[in-house]
Amino acid sequence: MLYSDGSAALHAPAMRDAARADVIERARSGDAAAFRELYAQHHRQVARQLTFLVPRADLEDVLQDVFIEVFRSIRRFEGKSAFTTWLYRVTVHVAMKARRKHTRSRLDVVEELPESADERPLPVEVSLSAERQARVEALLEKLSPKKRTVLVMHDLQGVEAQTIAEVLDTNVLTVRTRLFYARRELEALAKDDPALADFFGGGGS
Amino acid sequence: MKHLDEAQREALAAGVPEVDAATVAHHASCPQCQAAVRDAQARRKLLGGLAPYTLSDMAFRRVEARLMEQVEAGLPSRTPWLAWLIPAGALAAMALTLLVLQLRAPTAPEVVALPKAPEKLAAAPFHPLTVLRATADSQTRTGEGAWRALSAGDVLASGDAVSSGGLALAPAADVGWALEGRGSLALGGAATASIGAGQLTAQVSELLVVRAGTRQVEAAEALFLVSRSAAEVVLSVAQGAVDVSDTVTRERRRVTAPATLRWADGAPLSSAREEALMPVTSPFSPKKPWARFDASGLPAGTAISLDGAALGVSPLVSLLTAGRHRLSLTPPGEATREAWVDLVGGAPFVATLPEAPEGPAPSEDALARVQSELVRHRPKLAACYEKWLKANPSAAGTVELSLVVASSGKVKAARVRGEALPKASAECLVRTAKGLTLPPLGAEAELEVPLVFTAGGR
């Protein structure tokens, strides 16, 4: 696992906290205040789970879509699994269905230019680490939603294949197959990327 | 033996200690599996280097405001056409009724119906507003709660009161309002915005209702200003038209641009004095996505301009359109500094003063030392040329490398210009140049380094 997103909560026993259960119950009956509490309790966790599943520029919109879906379907949440598990499932499904919303650049570095220059700097001036992050994120976006979801959940969020299968309503074999192809595709894409090829010993000087 | 499977390759790539001897032995003797493990290691390194990110608090608040607005208004149906069936049916019925009325009364008596004061003004929708910019003295409170400081990025909801020396507001969701105001304002309630004492400028393409004393201004497509002070209300309409009504007498009239009217508080609507036109400037309204631009850390009084337009004077915090902008900073009594900045939607940006570009010109000796240092790095630069040669064996030519070197000698920025230079080589040159630390020049300097690439040495 490369970093943990705290998805261990997936295995937590169902809602020990009576207050939280009460909030869910009130949200199920359409109480707007309870829904606001649900958002307050879970927005950071959902945003973390959406990281790399959707383009960075779409994170805000997709977070909103997740909670709209939660509000629409919370009546169908019967408490058979932990709420966090159900929420994770909703999050992943909304992320998989999300269409690319923005096309704007996601450069997040500041470049200083000499005063005399009037033209915008060439893109190659982006610092390497920020550039590498942006490139890898762009490669993840090139994978199909199914492959990307499995790769991000397994290799970045550290979720077990069995749990991924449950979240995606599929079997472990399918998850492993998608993971295999997602990894090969990502490696091939990275090798073709001039800024990343060095990692694979292909473009080194 | 078969080749290593995915799990075995991943275990080797991860350096898991408990890999069995047979796997290790096969790996040692199989170049194909070694390559696959190397690829897996590279991929893991690549993914492992990714920095997790999240939204800013401002973005989280924006989502919350939009969500609650939708929840309270009732979520749209997943099949929106169903929702249209009823209004469409009502429209059809109305059309039919009109048709019947026309048939029955083709020559109506010449009575002009006066517009009635609408009864449901109080129900005008309020949309959560994001603070785009607020002066340092700005405060807000909800209901009778305690006053708290108000700053760019905060979201105001119905029931909030504001006291400010100047603030710009825009709806958190896509609603056609842009507002600028000062003084004491109340949001929501009987009107969308009510002015205690102060003024509000609004550019609207969707219904907005503003109340000042007994004057109620409704506008759906207009640029206008309402101000209330010393028992007087002034309305200035610069574009479009607004409907003014008196909440006590129910009088009502339409004011079309250009017009400026003044009333004494409580006076009949018809007693308005027409005044010389008051200029109304459009409210500050940067397009979305917004980034939070924080210039509060700059020396006080620093004049700030963005893309050539004056933004204000520090301390200042403002939401601005994300994207690449040319930022100019002029501290009091100092020269202007300029820089390109990338504002990322939803993310904060803290402006800092770049080092003064002026300084003593680098000495000849210092330049000579830099030149010899660059010569020392020639092999690294040549490696970038080799990439070019790979793509085109006859590649040759002059490439201009521009460097911005800090006074410490660190290369701060690099850029290359050269016809036919492939992207991979250009990136390689920039990367290499940015990794260089040259002998200190004593001042920040911009160096133009011509690189002559010829394949003769090969």
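The largest nonpolar core of this predicted model comprises 125 residues, of which A:Leu50, A:Leu63, B:Ala202, B:Val210, B:Phe224, B:Val226 and B:Leu235 touch the most other members; a nonpolar core is here a set of buried Ala, Val, Leu, Ile, Met, Phe, Trp, Tyr and Cys residues joined through C-beta atoms within 7 Å, and a residue is buried if 20 or more other C-beta atoms, placed from the backbone, lie within 10 Å of its own, exposed if 12 or fewer, and partly exposed in between. Helix H4 (residues 83–97) of chain A contributes the largest share of this core, eight residues, helices (H or I, at least four residues) and strands (E, at least two) being DSSP runs numbered from the N terminus. A second, separate core of 24 residues includes B:Val370, B:Val416, B:Leu438 and B:Leu451.

Leaving aside residues up to four places away in sequence, B:Val226 touches B:Ile195, B:Gln199, B:Leu200, B:Val210, B:Ala212, B:Val217 and B:Leu235, contact requiring C-beta atoms, placed from the backbone, within 7 Å.

Chain A has eight helices and zero strands, and 37% of its 205 residues are buried.

In chain B, an open sheet of four strands runs in the order S16-S15-S18-S19 with antiparallel pairing, where pairing requires at least two DSSP bridges between two strands. Strands S16 (309–313) and S19 (337–343) form the edges, each pairing on one side only. Strand S15 (residues 303–306) pairs with S16(B) over four bridges, and B:Ala303 stands opposite B:Val313 in S16(B).

Residues are numbered from 1 along each chain as its sequence is written, and chains are lettered from A and ligands numbered from 1 in the order in which they are written. Local features need pLDDT of at least 70 and side-chain atom pairs count only at pLDDT 80 or more, whereas totals for chains, interfaces and linings use all residues.

Terms used
Two residues are in contact if their C-beta atoms, placed from the backbone, lie within 7 Å.
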